[in-house]
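Okay, I've got one structure for today, and I'll keep this brief. Have a look at it while I talk.

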Amino acid sequence: MTEIDAKIDALVPAWLTLPDIAEQFGVEVTRVRQLVKEGQLIAVRRGENRALHVPAAFIDGDKVVKGLTGTLTLLRDDGFTDEEMIEWLFTPDPTLPGTPAQALSENRGTEVKRRAQALAV
C-alpha cells in the first residue's frame, strides 16, 4: 500500500475508500483490509489525508470484479508493483478495446489474462 503519483491518479476515473467498500459488501472494514492484504484488491494512499483507496472499477456491487484477483496474481508474478498494475489496468488498449479494467468489468477477463500472461514472455 503506497502513495501513487498524479499520472496514475489521473488514469483512474473513480475511487472508493475501504469503509465505502465495507458498506457495499456488508462486512467490517477489517475484512476489506484482509482482501487487500491477500492481494485480491489493490489499495493505495491518496488525497489530503492519505487514506487508503481502491479503484471503483474493481468493485461490482457487493463483490470484487470477476477475474481481477487472478489478473493481479499474474501481474505480481510478472514483477509488477501495485502502481504499475493500476497503470496497466487503466491504460487504454486498442486491441481490447478500452482498458483492461473496463474489459474485466464487462466479463472479458480471459482476454485480459491472456495479455497479462504475454507480458511475462
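When I say helix, I mean a DSSP run of H or I with at least four residues, and a strand is a run of E with at least two, numbered from the N terminus. Also, keep in mind that this is a predicted model.

So what does the secondary structure come to? We get 7 helices and 5 strands. Going along the sequence, the pattern reads α-β-α-α-β-β-β-β-α-α-α-α.

Now the overall shape. The C-alpha trace spans about 40 × 30 × 25 Å along the principal axes. The radius of gyration is 14 Å, and that agrees with the value near 14 Å that a compact globule of 121 residues would have. Of those 121 residues, 40% are buried. As for contacts, if you take those between residues at least 6 apart in sequence, 58% join residues at least 24 apart.

The protein exposes about 6600 Å², with carbon and sulfur atoms supplying 51% of that. For charges, I have 14 positive and 19 negative side chains, and the centres of the two sets lie 4 Å apart.

Let me finish on helix H7, residues 109-119. Which of its residues are buried? Gly109, Val112, Arg115 and Ala116 are. Those four cover an arc of only 125° around the axis, so they sit on the same side of H7. The general point is that an α-helix has 3.6 residues a turn, so residues three or four places apart point the same way. And what covers the buried residues of H7? The cover includes helix H4 (68-77), helix H5 (82-90) and helix H6 (100-105).

Terms used:
Residues numbered from 1 in each chain as written. Predicted model: local features only at pLDDT ≥ 70, side-chain atom pairs only at ≥ 80, totals over all residues. Heavy atoms only, no water. Rg over C-alpha atoms; globule rule 2.2 N^0.38 Å. Buried < 20%, exposed > 50% of the residue type's maximum accessible area, 1.4 Å probe, protein only. Contact = heavy atoms within 4.5 Å. Areas by Shrake-Rupley, 256 points an atom, 1.4 Å probe, with all protein chains shown as cover. Lys, Arg positive; Asp, Glu negative; His and termini not counted. Charge placed at Lys NZ, Arg CZ, Asp CG, Glu CD. Arc of directions from axis to C-beta.
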